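I'm opening my notebook on a new structure today.

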Amino acid sequence: MSTEPDSPQSTENAATAEPDAAEEPGTPVAAGAEDVHAGAATDADGTDADGTGAAAEGAGGSEATETGAGGEGGEGGASTTAEAAEAEAAAQLSEAQAELAAQKLERERIERRKAEKAAPIAAGAKLSGKAADLLAAVRAVEGGATPPATVFGEEPAPRRPAPEPVRRPRQAPAEAVARPAPAADAVEGVRRVLAGGGAPEALAPQAAAVLGEGAEDVLREDPWQLLRVPGVRPEQADGFARALLGPECAPDDERRGRALTVRLLEQAALAGHTALELPTLTAALVRQAVPDADAAVQSTLAEGEALVFQDALDAPTAGRPTADTMTGDEGHEGAEGEEGEESGADRPVRVLVGLERYALAEESLADALARVVNSLAKEASAPWDPATAAASGSAAELIRAVAGHGLVLHTGGEAARAEPAALLAAARERGLRAVAACHTPDGLRRFTALLGERAADGAVVTVPGLLSGAEGPGRDGDGAFALDLLIVLDAPQLDVESAAMLAESLPDGARLVLSGDPAVLWSAGPGRVFADLLAARACPQVASRTPDPGPLGELVSGVGVGELNQVDAPGKEIVIVPVRDAGEAVHRTVQLLADSVPRAFGITSDEAVVITPGHGGAAGTRALNAALKERLNPGPGRFGGFDPGDRIAYSPAPGRTVTGRVVTADADGLHLTCADGSVVVPRERVEQTVRHGWALTAHQAVGSRWPAAVVVLPGDAAQALSRPWVYTAFGRAERHLSVVHGVEQALPRAVAEVPAKPRTTRLPVLLRTQLPAAE
């Protein structure tokens with residue numbers, strides 16, 4: 001199995017027609033495993049690669065239904081007596097007897113499941129309640145019949161406007177709570193299973209870590225669980241299962257269907273979706289050669305590995321065509337036809353399937369935001385009057401909005417960051433506990449510089465540091481931040497889980513300001529929180545009127561509105577370098593970074609960055625970093641391909657990239673110095689989390705800026721370009737931008753015609769039921 005994508009179009013934002021084309025952000029493919037999809041991007045940062053399904057804007061109310069295995073309720077008094085007798089008998093068993101009894105029950109359960117496989121699966125047999133009704137309605141609509149009235153006949157009960165959440169500690173981000181390395185004997189057991197199935201033994205540490213305790217037994221019982229290891233493709237898991245199961249292995253094995261369903265949902269999440277529409281999911285399963293896609297989804301729901309939701313849309317014309325939105329039969333018999341009266345069959349709905357972690361995160365986020373909006377005291381605006389009078393322009397407008405509201409959105413470019421800086425300073429001057437949180441250490445540095453002498457210890461933090469407790473004010477006994485005001489910069493980079501943790505951690509009466517540039521690339525993780533909030537219009541929105549200065553500001557502002565303008569740059573702030581092919585692009589990039597830019601502008605190679613659309617291809621980050629290392633820091637790469645002095649991009653968690661340098665290496669691992677401190681990466685984690693960092697993707701670079709940027713656009717990357725990508729890449733330069741241009745007219749076409757790729761999320765629906773649109 002190869003670990004490198006061969007396609008020259010392996011790019012960061014490569015669009016695909018299937019959700020399984022996205023690769024896990026921040027997690028390069030393990031040694032011995034091939035890429036998830038031929039030609040797919042292998043970003044370490046979480047690409048904006050499109051999966052399947054459309055964005056969820058315009059969706060109406062929602063109802064989340066968690067399905068179980070269809071267990072029955074009580075059996076009456078006789079059952080209670082029998083259970084009491086069994087409990088008394090069980091209490092008399094010795095520990096050894098109890099263990100034997102448990103093993104016997106487990107074997108019986110496994111035998112029953114094997115016997116069930118031989119029988120045909122009755123559609124909907126494993127579902128009950130609302131989930132069964134939903135799937136029955138879907139089949140009715142697809143067959144041209146009227147769905148049961150019980151499904152859509154009742155209006156979902158309205159949500160409480162401001163539920164009081166039960167405070168419970170949430171886990172810190174992945175980088176703050178490191179997963180313990182699996183035990184050596186566990187890895188060895190997994191290695192034996194992999195060898196028996198013909199899979200690369202090098203996958204053993206990853207498989208043991210991902211599958212957890214009992215990984216060896218898990219793989220023997222369900223070989224398709226190997227799909228949970230990043231980089232393993234369905235055909236490879238099928239071969240592994242055939243080798244282990246022999247004649248028992250079949251395409252219609254329910255274990256295979258469940259594993260593929262979960263895999264598609266996980267890869268959709270890597271592409272930014274928090275859920276997939278049911279027809280989209282079943283179509284993708286059919287493409288994976290699952291004989292009965294509906295049964296596979298039902299089995300996944302019955303086992304609790306995914307959840308199903310019904311989202312009612314606002315109007316019959318909302319959303320997508322009937323096959324995707326699950327509309328009722330418009331011409332069904334018995335309709336009253338009275339104006340203003342709408343039967344259940346006429347209401348357009350969509351059925352979504354998603355993983356529990358993202359469903360709960362969206363629900364928690366909507367609830368927490370509603371609490372923030374509604375828990376602010378009415379008289380809380382009085383202390384802000386002097387600050388409002390002292391400020392001017394957009395800063396005054398922002399302070400005025402924050403004075404009277406718990407949640408405020410602020411939009412603008414780099415220069416507009418001065419406005420939340422003025423807000424933070426004004427709040428702290430009035431004795432309020434206020435903190436600003438940035439996406440990256442470089443963002444923290446730049447925002448602190450804006451505060452100048454007004455900066456105080458702990459006033460500016462990073463989002464990961466705040467969530468982990470390493471930075472910021474700490475938490476009270478209820479787990480809430482000790483804050484009156486939280487300002488989150490780079491808000492478009494918030495994925496749904498991080499946003500939920502932040503909002504849930506705010507105490508009652510605290511204010512939240514989300515500030516950022518809506519034109520940049522969205523978060524590497526699932527969701528589009530900032531865009532969904534802007535679209536919901538459920539709170540005040542302050543659009544900055546402060547433009548970014550100079551030729552670079554003019555160029556980037558034009559890109560943001562879909563125009564690639566000819567900009568006058570008398571100081572050579574912008575230079576276009578045309579190239580004919582990828583080889584010339586690599587040569588000119590090295591020349592620019594190592595010689596031309598330092599000589600012309602006094603900007604060293606350490607102060608500049610190279611940005612390219614993807615990791616693969618003849619001019620991707622791999623090829624460019626290899627050429628740049630040979631020129632700027634040649635060496636044998638004794639430490640896993642790295643030498644002291646190498647620039648690196650370290651991804652401690654999916655979607656988060658920190659730049660730094662290699663210091664040394666020893667038995668403990670690779671020693672790095674990064675913008676947020678020193679790090680020691682264990683040897684077994686180096687290949688997964690560390691790359692050379694002279695050249696980055698736009699997603700890795702977002703949230704940071706450099707004095708100079710060299711943006712490389714090779715011809716094979718033309719299909720990966722979009723307006724947000726170009727806006728983000730060009731906007732990383734502070735003083736000078738060089739564009740190594742090999743895509744001809746694809747660049748202006750991308751700026752004018754290719755917007756952000758849609759993402760399917762449920763947050764707009766949840767917000768609409770929690771927060772009415774602001775006037």
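Predicted model: local features only at pLDDT ≥ 70, side-chain atom pairs only at ≥ 80, totals over all residues.

Here are my entries, one topic at a time.

**Ground rules.** Residues are numbered from 1 along each chain as its sequence is written, and side-chain values use heavy atoms, with hydrogens and water left out.

**Parallel sheet.** I looked up an open sheet of five strands and got the order β11-β20-β19-β12-β18, with parallel pairing. Strands here are DSSP runs of E with at least two residues, helices are runs of H or I with at least four, and both are numbered from the N terminus. Two strands pair if DSSP finds at least two bridges between them. The edges are β11 (574-578) and β18 (695-696), each pairing on one side only. β12 (residues 608-611) meets β18 over two bridges, and I found Val610 bridged to Ala695 of β18.

**Antiparallel sheet.** Another five strands make an open sheet, in the order β16-β15-β14-β13-β17, and this pairing is antiparallel. I put β16 (677-681) and β17 (690-692) down as its edge strands. Inside it, β14 (residues 656-666) and β15 (residues 669-674) share six bridges, and Val662 faces Leu672 in β15.

**Strand β3.** Is this strand buried or exposed? Six of the six residues of β3 (residues 307-312) are buried, so the rest of the structure largely encloses it. Buried means under 20% relative accessible area, exposed means over 50%, and partly exposed is in between (1.4 Å probe, protein chains only). On one side I listed Leu307, Phe309 and Asp311, and on the other Val308, Gln310 and Ala312. β3 pairs with β4 (residues 349-354) in the antiparallel sense over six bridges, and Asp311 has Arg350 of β4 as its bridge partner.

**A charge on a ring.** I also checked Phe309: Arg762 lies over its face, 4.0 Å from the ring centre. To count, NZ of Lys or CZ of Arg must be within 6 Å of the ring centre and within 35 degrees of the ring normal.

**Strand β8.** Leu485 and Ile487 point one way from β8 (residues 485-488), Leu486 and Val488 the other way, and all are buried. β8 runs parallel to β6 (residues 434-438), joined by four bridges, with Ala436 partnered by Ile487. Four bridges also link β8 to β9 (residues 511-516) in the parallel sense, and Val488 is bridged to Leu514 there.
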